[in-house]
Amino acid sequence: MTTPQAPQAGTQILALTGLRFDANLGILEREKTTPQPIQVDAELNQGTQPLLPHDDDISHVLDYRKVRQIIIDECTAEHVNLLESLIGKLTRRLMQLPGVIGVRVKIAKLEIFEDCEVAIRMESGEW
């Protein structure tokens with residue numbers, strides 16, 4: 001009887017949740033002149049990866065510090081009228097990162113209403 005071999009690889013997903021910052025977003029007069037707080041959650045599917053990287057070097061993996069900065073930069077680069085436009089722009093940019101085969105993003109406007117937040121989710125690529 002043979003002993004089953006331990007798995008050597010698995011699906012790797014990088015997740016950033018609860019990233020909050022101000023963005024110029026919206027069609028209301030106050031939104032056109034004053035940035036508002038948003039929250040971004042993102043998952044980046046990197047597909048099958050070794051359970052243990054071949055070394056412990058940050059340059060050989062997707063650096064989450066860079067992903068965080070890309071999210072902030074994309075969402076604050078310019079005023080965008082629609083949440084739908086912003087999430088599409090961000091999803092497209094994240095899909096361009098090396099090794100990323102799928103992206104799930106949620107952007108929430110935290111203070112648009114007093115009684116709720118409004119959010120849109122987008123999923124692209126392989127899941």
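1. Lys89 counts as buried, at 17% relative accessibility. Buried means under 20% relative accessible area, exposed means over 50%, and partly exposed lies in between (1.4 Å probe, protein chains only). Lys89 lies in helix H3. Helices (H or I, at least four residues) and strands (E, at least two) are DSSP runs, numbered from the N terminus. Leaving aside residues up to four places away in sequence, Lys89 touches Glu74, Ala77 and Glu78. Contact means heavy atoms within 4.5 Å.

2. A word on the basis. This is a predicted model, where local features need pLDDT of at least 70 and side-chain atom pairs count only at pLDDT 80 or more, while totals for chains, interfaces and linings use all residues. Residues are numbered from 1 along each chain as its sequence is written, and side-chain values use heavy atoms, with hydrogens and water left out.

3. Now the two helices. Two packed helices are described by the angle between their axes and the distance between the axes. The axes of H2 and H3 come within 10 Å and cross at roughly 145°. Axes are lines fitted to C-alpha atoms, for helices over the stretch in contact, and angles run from 0 to 180 degrees between N-to-C directions. The crossing of H2 and H3 is right-handed. A crossing is right-handed if the near helix is turned clockwise from the far one by less than a right angle, and left-handed if anticlockwise.

4. Which residues of H2 and H3 meet? From H2 come Val67, Ile70, Ile71, Glu74 and Cys75; from H3 come Leu86, Lys89, Leu90, Arg93 and Leu94. By class, this contact of H2 with H3 has seven nonpolar, no polar and three charged residues. Here Ala, Val, Leu, Ile, Met, Phe, Trp, Tyr, Cys and Pro count as nonpolar, Asp, Glu, Lys and Arg as charged, and the others, Gly among them, as polar.

5. Next, the charged pairs. Side chains of opposite charge can pair when their charged atoms come close. A salt bridge is a side-chain nitrogen of Lys or Arg within 4 Å of a carboxyl oxygen of Asp or Glu. A search of the whole structure finds seven salt bridges. One of them joins Glu74 and Arg93, with the closest N and O atoms 4.0 Å apart. Glu74 lies in helix H2 (residues 64-76) and Arg93 in helix H3 (residues 83-95), so this pair ties together parts that are 19 residues apart in sequence. Glu74 is buried, with a relative accessible area of 19%. Arg93 counts as partly exposed, at 26% relative accessibility.

6. Another salt bridge brings together the side chains of Glu123 and Arg104 (2.8 Å, N to O). Glu123 sits in strand S4 (residues 118-125) and Arg104 in strand S3 (residues 102-109), so the pair ties together parts that are 19 residues apart in sequence. Arg104 counts as partly exposed, at 30% relative accessibility. Glu43, Arg104 and Glu123 are linked in a network of salt bridges.

7. Glu117 and Lys106 also meet through their side chains in a salt bridge (3.9 Å, N to O). Glu117 lies in the loop between S3 and S4, and Lys106 in strand S3, so the pair ties together parts that are 11 residues apart in sequence. Lys106 counts as buried, at 17%.

8. Then the sheet. An open sheet of four strands has the order S1-S2-S3-S4, with antiparallel pairing. Two strands pair if DSSP finds at least two bridges between them. The edge strands are S1 (9-23) and S4, and each pairs on one side only. Neighbouring strands of this sheet are turned by 10° against each other on average, direction ignored.

9. How many bridges join S1 and S2? They pair in the antiparallel sense over 12 bridges, and Ala23 stands opposite Gln36 in S2. Eight bridges join S2 to S3, with Asp41 opposite Lys106 in S3. Eight bridges also join S3 to S4, which run antiparallel. Val105 stands opposite Met122 in S4.

10. H2 touches S1, strand S2 (36-50) and S3, and its direction makes about 40° with that of S1. H3 touches S2, S3 and S4, and its direction makes about 150° with that of S3. S2 is mostly covered: 11 of its 15 residues are buried.
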